[in-house]
Amino acid sequence: MLVLPALVALAFLGLPVAGLLVRAPWSTLGTRLAQPEILDALRLSVVCATVATVFCLILGVPLAWVLARVSFPGRRLVRALVTVPLVLPPVVGGVALLLALGRNGLLGQWLYRWFGVSLPFTTAGVVVAEAFVALPFLVISVEGALRAADLRYEDAAATLGASRWTTFRRVTLPLIAPGIGAGAVLCWARALGEFGATITFAGNFPGRTQTMPLAVYLALENDPQAAIVLSLVLLAVSVVVLAGLRGRWVS
């Protein structure tokens, strides 16, 4: 009795992918991928997603450690705040970033007055928008790895005289390295596919803020074949990421 609805669900998920593969311009795929506008969007997407991931690693690993190992009032509220970008519509996230980091924003006005820094509608704004939506993926993954790690190794290191920083660097980090790796990959993939917050906060300027998802949106109006090619690249990245992380949730 469950086979029929299962097949319907599989068709519901697989049919759009099949449509993309069937309609893809395979004969001209290489030529279209070599077009300057597509290469610019691909380059910008990879660079911005990588920088955003590095930013998330620098801030996300300490945040995950605090959430996993430190008890403080309001920890549940902080954890809920960390996960807000997961459920917040990306466009709303872009509006929130504008209100916080725009030239008249809570922090952005001081960045502009004191340092002349304006983040909206710049490449740096793309990185900020991508990091905002991708950071929870890293934090959740690393926090889970920290909670699953065996504390006896850290206790043994402390007993042998290792400082807390040495214990974290030489014991804790190697223990949670798979979780950090999985979180970083998910973070990078999410940043690569970000659309709503990016177009709202950074705009859609070719060569400066136009990432691959934005290029797909623009190409649908002028060159649907190019939109399909870009979509295939994003699909391939998604498949590679899911295949690489399969062992994290399937035994």
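This is a predicted model: local features need pLDDT of at least 70, side-chain atom pairs count only at pLDDT 80 or more; totals for chains, interfaces and linings use all residues.
## Ground rules

Local features need pLDDT of at least 70, side-chain atom pairs count only at pLDDT 80 or more, and totals for chains, interfaces and linings use all residues. Residues are numbered from 1 along each chain as its sequence is written, and side-chain values use heavy atoms, leaving out hydrogens and water.

## Aromatic pairs

Let's look at the rings. Rings of Phe, Tyr and Trp (its six-membered ring) pair if their centres lie within 6.5 Å; planes under 30 degrees apart are stacked, over 60 edge-to-face and the rest tilted. That gives five aromatic pairs. Take Trp 114 and Phe 115: the ring centres are 6.5 Å apart and the planes sit at 85°, so this pair is edge-to-face. Trp 110 joins these two in a cluster linked by ring pairs.

How open are they? Buried means under 20% relative accessible area, exposed over 50%, and partly exposed in between (1.4 Å probe, protein chains only). Trp 114 is exposed at 61%, and Phe 115 is exposed at 59%.

Then there's Phe 195 with Tyr 217: centres 5.4 Å apart, planes at 55°, so the pair is tilted. Phe 195 is partly exposed at 29%, and Tyr 217 is partly exposed at 44%.

## Charges over rings

A charge sits over a ring if NZ of Lys or CZ of Arg is within 6 Å of the ring centre and within 35 degrees of the ring normal. Arg 113 does this with Trp 110, 5.0 Å from the ring centre. Arg 208 sits over Phe 205, 4.6 Å from the centre of that ring.
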